[in-house]
Amino acid sequence: MTDNAKPKFAMYWAASCGGCEIAVLNIHEKILDVDANFEVVFWPVAMDAKYKDVEAMEDGSILLTLFNGGIRNDENEHIARLLRRKSQLLVAFGSCACEGCIPGLANLSPAGEIVHTAFNTVSTDNPHGIYPRASFDVPEGEITIPKIFPTLRTLDQVVDVDYYMPGCPPESHQIGAVIDLVVKVLHGEAQLPPKGSVIGAGNSTVCDECTRKRNVKSITSFKRIYDVEIDPELCLLEQGIPCNGPATRSGCNARCVSAGAQCIGCYGPAEGVVDYGARLIAAFASVIDSTDPEEIEAILDGIPDPAGQFYRFNLAGSLLKAGKPAWEKG
Amino acid sequence: MTKHNGSKPEVQERIGVYVCHCGTNIAGTVDVAQVAQWAASRLKERGVVIARDYKFMCSSLGQELIEKDIKEQKLTRVVVAACSPHLHERTFRTACARAGLNPFLCEMVSIREQVSWVHTNKEAATIKAQAAVSGGVERVIHHEPLEPMTVPINPATLVVGGGIAGIQAALEIADAGYHVYMVEREPSIGGHMAQFDKTFPTLDCAACILTPKMVDVGGHPNVTLLTWSEVEKVEGYVGSFNVTIRNKARHVKTDLCTGCGICQEKCPKKVVDEVYEAGLGYRKAIYTPFPQAVPKFPVMDVDNCIYFEKGTCKACEKFCPTNAIDFTQQDEVINIEVGNIILATGYDIFDARRVSHYGYGRLANVFTSLEMERLTNAAGPTNGQIVLRDGKTTPKAVGIIHCVGSRDRNFNNHCSVICCMQSLKFAHMVHERTGAIVYNFYIDMRTPFKDYDEFYQRVLEEGTLFVRGKVAEVTDAARLPGEEGKLIVQVEDTLAGKQRRIPVDMVILSVGLEPRKDSSETAKLFGISCSANGWFIEKHPKLDPVATMTEGIYIAGCAQGPKDIPASVSQGAAAAARVLGKIQQKEMALEPIRASVIEEKCSGCRICNDLCPFNAISFHEDTMVSEVNAALCQGCGTCVAACPAGAIYGTGFNNEQVLAQIEGLLLLNIGEEAVPA
Ligand SMILES: Cc1cc2nc3c(=O)[nH]c(=O)nc-3n(C[C@H](O)[C@H](O)[C@H](O)COP(=O)(O)OP(=O)(O)OC[C@H]3O[C@@H](n4cnc5c(N)ncnc54)[C@H](O)[C@@H]3O)c2cc1C
Ligand code: SF4
Ligand code: SF4
Ligand code: SF4
Ligand code: SF4
């Protein structure tokens, strides 16, 4: 790598699916702006680099790091701390880094059980029951694999974070807008928002961007979208579709709801919402139209997977953080 | 997004912590001195500058201690660890206010109800008390000074229900010089009491004591009497309610009608009077329920009027000397503004048919107590003669069954309060007027108020026979000689320890009092609550029996629960006194603990719209945001919890405060991982 006057850029993936990386590439020609304005020093998915190269850099020498993924093992944690040291601006990029996302749902189960499930389900072809070993001796010496933690933590549960960029994955237009902003800042044409801000998203809720008509709500049953003929004009929640729009941060242009599918909450909690799932549970419960405990039970049975409904993206980042088994047996 | 690491900002506040012994109530189980010491040392970096323990913080000396510290130590926050906010929050807030500190910068921590009273292990209780104090300290840092909101009080009052309770309330207020609107749904005021002959325990004639009061209401310059009317809508809040009332068409022009009664006399259509005469007598299609009705104007019952049915008749119109009949009259909808409302809507009686084995409705000579009131009433269908259903035979033996529909888990668990006395009253009257043998079948005799037990003794001495036991059945199936043609009361006489069959000619069922059938709708209309069985709920069962949780709405009489006339009158007067007190204040301060919608955050999802028990939330279609009416909001927090967008802010209970308190409780504020086990 040549010495370069351009500010340095890094991107890393910890416990995540890789979608965030694709989303960045999906900004099309805007990626050229990144290249024009930054020197990319570390981005495992796009270029070859070694951890020891990063370790060798001067502290604070990277201007901007987009970090996606949650902290699931000691390797994730090591790199999170490393990049924190080396970067001036560390952005929790995408739902996993911000709030745990789907990998965070594993916080409902003990780590051992997760490994067992991964190596021993019908979809796994593992006739000899081979399990990974923490360490293994080879002629060259001992090799190890990263140690899995009892629970997945969000990036800011491990290191100090400068900005949050939610979304699973962040929408391309939002990534583009953030890159525009950073470039402007570099040219002295704009200022960075205050530390700790959420960037690349709105400040209200998906409902706020949703154009469906709403009335006073009263729910007599929860339904799945394939159960009903959906009224294209009317609020989905009013039709019994458990839409998470009311508590979810705006920024996606209400994509799912305008396509007729409920908001599942990938943009995370709206500004000021502390526990996303608890908020939604309270909200849905408030508009159930019954006072009869048995009938209420029956209506609630219409939400077969409450954790998935209410905490799909936010379990690790919630007040609960994890289910009891993960704490106890992790 | 919450930050989970990073250091806390330095605390600028100067916090005083006061730990109360409450005699031995707290100090017996919690090492209060230790709690204070702990707070002084461990919570120092959280802003605690002084921590004391004291025998009785609520005493004037205890309060002075706080006041002195506020001034000398320049405290900016106060935490009192003592009983509960319910009991003494106001005491300590007032003490702070006296010393010049905004009262809402004081936080109470319960270490009595929530700690000393529920634990026995002193060491563990002390640790828990420390955690509670830590929670309070952490919370109070986030408190903000609040100012109460003042609203002007409209001096007019609405009284709903013109029974004795409502009448008393209306007269007290009107006599004090303020205007009262009285809304009564029947054609006349008077309520149940107007149906009675005599009233226990003094046996004064009901009409003699009631009608003068009714006339006072009717003619009072400060009373607008709206009978044959119902409240349809209530908007606004204490001090300024806007009430919509439907005045049903009487088909009589009240400005012309003199109340001569000729129309009723000439009307050819007889109708069984199910309301006033309890089904025992008739009225006409145009009628006043009873001669002393207030107001005197009749109403036309269009469902039974021949003209409305067939298009001819108009006898009333023909004979009316003042041309007061108007067949085209329409309902009138009126709007009034009042500052306070008293609900005195009374009770319904238990439907005796529900106890089918007592035979009411099937066996002719089984009567209800209300029917009995009409039978004994000199102005009633029999002119006060106690006779069987045939209208002529005087009974020789009469059985009176207490507690019908009351104190019975199949119907109502409650005691209807008045049935024992009412049964004794009937026993006395049957005895006096017919000389019949009277049996009273009772479970327990309940005669607790002034002169009540004396009345019981009197009835005992008159020779009424008392059988203690719950009647199993009333039947006309004769089995033994002497039972033919009689009603047989089958009962276990628990004092004699045997089953008895007692033949009588007449059975009187002392039916219980029940909430009005529409009480829950009424409660909803006025934004108050009723208990599961339907009685209106008072603000405090002992200390505030006529107020409700909704400011400006009061309750009186049997609408609040079963009671006798003296108690109903007392409550009517008490509610009036409360209202007069409010009117005198001219304006009132509202607790500043309330909700408000942060407009920019509200997405208009409308989840909150129907949740407020006080109807404080409205939705603006144009701007797509919801709004909380600050004067209506009572700060219950329902909407704050429900708003999924976190767009509703609850003063005194915001996220920051509650989460800080939790952190404090878990000692995360001072860097501990968890409370030691
Ligand atoms: C058979 C019997 C005998 C009794 N004898 C005695 C006795 O001797 N001595 C004694 O002390 N007590 C006696 N009581 C108890 C007594 O009746 C009550 O204590 C008293 O009548 C209660 O008065 P109130 O004003 O609360 O209710 P009510 O008398 O029920 O009056 C309520 C009024 O409100 C009106 N109303 C109801 N709902 C509405 C509405 N939504 N809008 C407008 N108006 C409405 C009703 O039409 C009625 O006029 C007896 C009770 C019974 C059943
Ligand atoms: S609940 Fe869903 S469908 Fe209804 S307004 Fe909100 S985002 Fe739109
Ligand atoms: S018109 Fe109706 S109210 Fe009048 S006298 Fe005839 S039946 Fe009675
Ligand atoms: S629940 Fe919250 S976001 Fe929804 S309408 Fe009410 S205040 Fe607005
Ligand atoms: S807190 Fe909300 S629900 Fe409760 S009284 Fe106020 S506006 Fe109504």
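This is a predicted model: local features need pLDDT of at least 70, side-chain atom pairs count only at pLDDT 80 or more; totals for chains, interfaces and linings use all residues.
Figure 1. Among contacts in chain A between residues at least 6 apart in sequence, 73% join residues that are at least 24 apart. The chain contains 14 helices and 9 strands. Of the 330 residues in chain A, 47% are buried. Chain A exposes about 15,800 Å², of which carbon and sulfur atoms supply 55%.

**Figure 2. Helix H4 of chain A, residues 74-86.** This helix has 13 residues, which should span 18 Å at 1.5 Å a residue; the end C-alpha atoms are 18 Å apart, so the two values agree. At the start of H4(A), the backbone nitrogen of Glu75(A) has a side-chain oxygen of Asn73(A) within 3.1 Å. The buried residues of H4(A) include Ile79(A), Ala80(A), Leu82(A) and Leu83(A). Asn76(A), Glu77(A), Arg84(A) and Lys86(A) are also buried.

**Figure 3. Helix H5 of chain B, residues 122-141.** The 20 residues of H5(B) reach 29 Å from the first C-alpha to the last, close to the 28 Å expected at 1.5 Å a residue. Because 15 of these 20 residues are buried, H5(B) is largely enclosed by the rest of the structure. At the start of the helix, a side-chain oxygen of Asn121(B) comes to within 2.9 Å of the backbone nitrogen of Glu123(B).

**Figure 4. The residues around ligand 5.** Ligand 5 has 14 residues around it, and those that come nearest are Cys612(B), Cys633(B), Cys636(B), Gly637(B) and Cys639(B). The shell around ligand 5 comprises 10 nonpolar and 4 polar residues, with no charged residues.

Note on methods. Residues are numbered from 1 along each chain as its sequence is written. Chains are lettered from A and ligands numbered from 1 in the order in which they are written. Side-chain values use heavy atoms; hydrogens and water are left out. Helices (H or I, at least four residues) and strands (E, at least two) are DSSP runs, numbered from the N terminus. Buried means under 20% relative accessible area, exposed over 50%, partly exposed in between (1.4 Å probe, protein chains only). Contact means heavy atoms within 4.5 Å. Accessible areas come from the Shrake-Rupley method with a 1.4 Å probe; for residues, only the protein chains shown count as cover. The expected span of a helix is 1.5 Å times one less than its number of residues. A polar contact is a pair of N or O atoms within 3.5 Å; within protein, one must be able to donate a hydrogen and the other to accept it, and residues adjacent in sequence count only if both atoms are side-chain atoms. A residue is near a molecule or strand if one of its heavy atoms lies within 4 Å of it. Ala, Val, Leu, Ile, Met, Phe, Trp, Tyr, Cys and Pro count as nonpolar, Asp, Glu, Lys and Arg as charged, and the others, Gly among them, as polar.
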